[in-house]
Amino acid sequence: MVVSFEGLGKVIIGAAIMLLILGTLFLLLGRYGLDRLPGDLVFRRGNVTVYFPIGLMILLSIIGTIFLNLFFRR
């Protein structure tokens, strides 16, 4: 399988745009206090902190499902 530089360039640009959108989304969520939702697990022991953002992942999953159903419905 041969991949042209043009196709590879489009994939890299698309990935960069998606990272920009995700980064902006996470910055906005943190600014509005949605970085620590109910259901998020935080374990602290000494100098180690482990954070499981379960509540945030459920919220993003619901928003993503609604978005995909609205725009990619057949």
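**Exercise 1. Find how many salt bridges a search of the whole structure gives, and describe what they join.**

*Solution.* A search of the whole structure finds one salt bridge, meaning a side-chain nitrogen of Lys or Arg within 4 Å of a carboxyl oxygen of Asp or Glu. Before going on, a word on the model: it is predicted, so local features need pLDDT of at least 70 and side-chain atom pairs count only at pLDDT 80 or more, while totals for chains, interfaces and linings use all residues. Residues are numbered from 1 along each chain as its sequence is written, and side-chain values use heavy atoms, with hydrogens and water left out.

Step 1: the partners are E6 and K10, whose closest N and O atoms are 3.7 Å apart.
Step 2: E6 and K10 sit four residues apart in helix α1, so about one helical turn separates them. Helices here are DSSP runs of H or I with at least four residues, strands are runs of E with at least two, and both are numbered from the N terminus.
Step 3: E6 and K10 are both exposed, where exposed is over 50% relative accessible area, buried is under 20% and partly exposed lies in between (1.4 Å probe, protein chains only).

**Exercise 2. Check the length of helix α1 against its number of residues.**

*Solution.* Step 1: helix α1 covers residues 5–31, which is 27 residues.
Step 1: the expected span is 1.5 Å times one less than the number of residues, and for α1 that comes to 39 Å.
Step 2: just after α1, look at G33, which takes a positive phi of about 80°.

**Exercise 3. Work out how strands β1 and β2 are joined.**

*Solution.* Step 1: strand β1 (residues 41–45) and β2 run antiparallel, with five bridges joining them; two strands pair if DSSP finds at least two bridges between them.
Step 1: assign partners. R44 is bridged to T49 in β2, and F43 is bridged to V50 in β2.
Step 2: inspect the turn. Two residues lie between the strands of this hairpin, and G46 in the turn has a positive phi of about 65°.
Step 3: N47 is exposed, with a relative accessible area of 82%. Its C-alpha atom is 25 Å from that of F26, a residue 21 places away along the chain.
Step 4: return to V50, in strand β2 (residues 48–52). V50 counts as partly exposed because its relative accessibility is 35%. Leaving aside residues up to four places away in sequence, V50 touches L41, V42 and F43, a contact being heavy atoms within 4.5 Å.

**Exercise 4. Classify the aromatic pairs of the structure.**

*Solution.* Step 1: the structure holds two aromatic pairs. Rings of Phe, Tyr and Trp (its six-membered ring) pair if their centres lie within 6.5 Å; planes under 30 degrees apart are stacked, over 60 edge-to-face, and the rest tilted.
Step 1: F43 and F52 are edge-to-face, at 6.1 Å centre to centre with 70° between the planes. F43 is partly exposed at 46% relative accessibility, and F52 is partly exposed at 40%.
Step 2: F67 and F71 are tilted, at 4.7 Å centre to centre with 50° between the planes. They are four residues apart in helix α2 (residues 54–71), so about one helical turn separates them.
Step 3: F67 is partly exposed at 45% relative accessibility, whereas F71 is exposed at 55% relative accessible area.

**Exercise 5. Describe the overall form of the protein chain.**

*Solution.* Step 1: the protein chain has two helices and two strands, and along the sequence they follow the pattern α-β-β-α.
Step 1: the radius of gyration, taken over C-alpha atoms, is compared with the globule rule of 2.2 Å times the number of residues to the power 0.38. The chain's value is 18 Å, well over the 11 Å that the rule gives for 74 residues, so the chain is more spread out than a compact globule.
Step 2: along its principal axes the C-alpha trace spans about 50 × 35 × 25 Å.
Step 3: buried residues make up 7% of the 74 residues.
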